[in-house]
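Trainee: Hey, can you walk me through this one? I'd like to start with what sits inside.

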Amino acid sequence: MAKTIKQLADELKVSKQTIQYHYQRLPAKNQQKNSQGTNLISTTAERIIRSKVAKPLLANKQQIGSKEPTKTSKGNNELIATLRREIEDLKFQRDKQLATKDQQISSKDRQIDHLTKLIDQQQQLQLTTVAENRQLKEHVRNLNKTIKNSELFQDRQINDENSPFDKKKTKIYKDKSKNNWWQFWKNS
């Protein structure tokens, strides 16, 4: 249960300023306020403040009471138990954060692998497209050559048929055909 600064100061038998000092140095996530704006100390914050306040108190008691034999008191046992719980809590938080970071890293590694595969596929497709384009261009060139050759051939045929030289040849040939050898024989 959350406590006020005054309640914790009374429990630890220290001034409110001491508790306020340590409270202000806590991480923001451990600082709480109620609806009226009063600072509240959570159990985690209480453990942290207790550990910081208890160290100077123990040092003072050891210096003052150094003449008396030291005995393990109930307060020391409570402090040790509190510190152990705090250490366990911090270890748990650390392990949780590390697990989260590991998941994020492995997720990013999977994303990098996926993107690398996509880039490889894109490059392969691009190379295939370039090769196909070259083949198509070559095929178009060949077709154009074939069409031009065909047109030239047709133009030659047309020119050959319309050529005056060929007409003369044909006429001469036709004229010669009139004079067959049997005609010569008959006439003689």
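Trainee: How many residues does the largest nonpolar core have, and which have the most contacts inside it?
Mentor: Keep in mind that this is a predicted model. Its largest nonpolar core has 13 residues. Ile19, Ile41 and Ile49 are the ones with the most contacts inside that core.

Trainee: And which helices supply at least two residues of this core?
Mentor: That would be H1 (5-12), H2 (16-24) and H3 (43-64), each of them supplying at least two.

Trainee: Why would residues like that end up together?
Mentor: In soluble globular proteins, nonpolar side chains tend to be buried together.

Trainee: OK, what is Ile41 in contact with?
Mentor: If you skip neighbours within four places in sequence, the contacts of Ile41 include Met1, Ile5, Leu8, Ile19, Tyr23 and Ile49. Lys3 and Glu46 are also among them.

Trainee: Back to H1, then. Which residues are buried there?
Mentor: Ile5, Leu8, Ala9 and Leu12 are buried in H1. Looking down the helix axis, the buried residues of H1 fall within an arc of 100°, so they line one face.

Trainee: What follows H1?
Mentor: Lys13 does, and its phi is positive, near 60°.

Trainee: New topic: is Lys33 buried or exposed?
Mentor: Lys33 is exposed, because its relative accessible area is 61% and the cut-off for exposed is over 50%. You'll find Lys33 in strand E2, residues 31-33.

Trainee: What does Lys33 touch?
Mentor: Not counting residues up to four places away in sequence, Lys33 touches Thr38, Asn39 and Leu40.

Key: Residues are numbered from 1 along each chain as its sequence is written. This is a predicted model: local features need pLDDT of at least 70, side-chain atom pairs count only at pLDDT 80 or more; totals for chains, interfaces and linings use all residues. Side-chain values use heavy atoms; hydrogens and water are left out. A nonpolar core is a set of buried Ala, Val, Leu, Ile, Met, Phe, Trp, Tyr and Cys residues joined through side-chain atoms within 4.5 Å. Buried means under 20% relative accessible area, exposed over 50%, partly exposed in between (1.4 Å probe, protein chains only). Helices (H or I, at least four residues) and strands (E, at least two) are DSSP runs, numbered from the N terminus. Contact means heavy atoms within 4.5 Å. The arc is that of the directions from the helix axis to the C-beta atoms.
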